Amino acid sequence: MNKHWIMVFVAAFFEVLWVIGLKHAGDALTWTGTAIAIFISFYLLIRSGRYIPVGTVYAVFVGLGTAGTFFSEILFFDQPFVWAKFFFVVFLLAGVVGLKLVTKDQPSEGAEA
């Protein structure tokens, strides 16, 4: 896994944070944190899209963010566990892993071919 894919995973982590912030932020501090998470998330997403096909980057970003949000709701916000949702999140993650496996990275600038 190269640094561009790591940026996608970090962007997805911050996506989970800002999605939680959009639902639960209630004061200036939490809204500021949400805005910072949005900025970091999209900055890393855009940067990684320069080196990895954009469609794949976006699909992986959204898939990981969806899965992370699903599990965060259960772990931190007492949402009930629903097997059907779990099944489809696992199905989504299988698609994300598949996209990652079939996508060839483009060489970085300055790298030898």
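Reader: What counts as a helix or a strand here?
Author: This model is predicted. Helices and strands are DSSP runs, and they are numbered from the N terminus. A strand needs at least two residues. A helix needs at least four residues.

Reader: Where does UniProt place the feature "transmembrane region"?
Author: The feature comes from an unreviewed UniProt entry. Such annotations may be inferred rather than shown by experiment. The record gives residues 5–22, 28–46, 58–77 and 83–102.

Reader: How far apart are the end C-alpha atoms of residues 5–22?
Author: Residues 5–22 are 100% helix and 0% strand. Residues 58–77 are 95% helix and 0% strand, with end C-alpha atoms 26 Å apart. For residues 5–22, the distance between the end C-alpha atoms is 26 Å.

Reader: Is Thr34 buried or exposed?
Author: Thr34 lies in helix α2, residues 28–48. Leaving out residues up to four places away in sequence, Thr34 touches Trp18, Gly21, Leu22 and Ala25. Its relative accessibility is 5%, and buried means under 20%, so Thr34 is buried.

Reader: How far is Gly33 from Gly21, C-alpha to C-alpha?
Author: Gly33 also lies in helix α2. Gly33 has a relative accessible area of 37%, so it counts as partly exposed. Gly33 and Gly21 are twelve residues apart in sequence. In space, their C-alpha atoms are apart by 7.7 Å.

Reader: Which residues does Thr56 touch, not counting those up to four places away in sequence?
Author: Thr56 is found in helix α3, residues 54–76. Thr56 counts as buried because its relative accessibility is 12%. With sequence neighbors up to four places away set aside, Thr56 touches Trp5, Leu99 and Thr103.

Reader: Is Leu99 buried, partly exposed or exposed?
Author: Leu99 is found in helix α4, residues 83–102. Together with Val97, Leu101 and Val102, Leu99 makes a nonpolar surface patch of about 390 Å². The relative accessibility of Leu99 is 31%, so Leu99 counts as partly exposed.

Reader: Which element gives the largest share of the largest nonpolar core?
Author: This core has 13 residues. Trp5, Val8, Ile52, Val57, Val60, Phe61 and Leu64 touch the most other members. The elements giving two or more residues to this core are α1 (3–24), α2 and α3. The largest share, five residues, comes from α1.

Reader: Which residues does Val8 touch, not counting those up to four places away in sequence?
Author: Val8 is one of the core residues that touch the most other members. Set aside residues up to four places away in sequence, and Val8 touches Ser48, Ile52, Val57, Val60 and Phe61.

Reader: How far apart are the C-alpha atoms of Gly55 and Gln79?
Author: Gly55 is found in helix α3. Gly55 has a relative accessible area of 54%, so it is exposed. Gly55 and Gln79 are 24 residues apart along the chain. Their C-alpha atoms are separated by 31 Å.

Reader: What is the phi of Asp78?
Author: Asp78 is found in the loop between α3 and α4. Asp78 is exposed because its relative accessible area is 69%. Most residues other than glycine have a negative phi. Asp78 is not a glycine, yet its phi is positive, at about 55°.

Reader: What separates the C-alpha atoms of Lys85 and Trp5?
Author: Lys85 has its place in helix α4. At 48% relative accessibility, Lys85 counts as partly exposed. Lys85 and Trp5 are 80 residues apart along the chain. Their C-alpha atoms are separated by 26 Å.

How values were computed: Residues are numbered from 1 along each chain as its sequence is written. This is a predicted model: local features need pLDDT of at least 70, side-chain atom pairs count only at pLDDT 80 or more; totals for chains, interfaces and linings use all residues. Side-chain values use heavy atoms; hydrogens and water are left out. Buried means under 20% relative accessible area, exposed over 50%, partly exposed in between (1.4 Å probe, protein chains only). Contact means heavy atoms within 4.5 Å. A nonpolar core is a set of buried Ala, Val, Leu, Ile, Met, Phe, Trp, Tyr and Cys residues joined through side-chain atoms within 4.5 Å. Patches are made of residues with over 30% relative accessible area and no salt bridge: like charges are joined within 9 Å, nonpolar side chains (Val, Leu, Ile, Met, Phe, Trp, Tyr) within 5 Å. Accessible areas come from the Shrake-Rupley method with a 1.4 Å probe; for residues, only the protein chains shown count as cover. A salt bridge is a side-chain nitrogen of Lys or Arg within 4 Å of a carboxyl oxygen of Asp or Glu.
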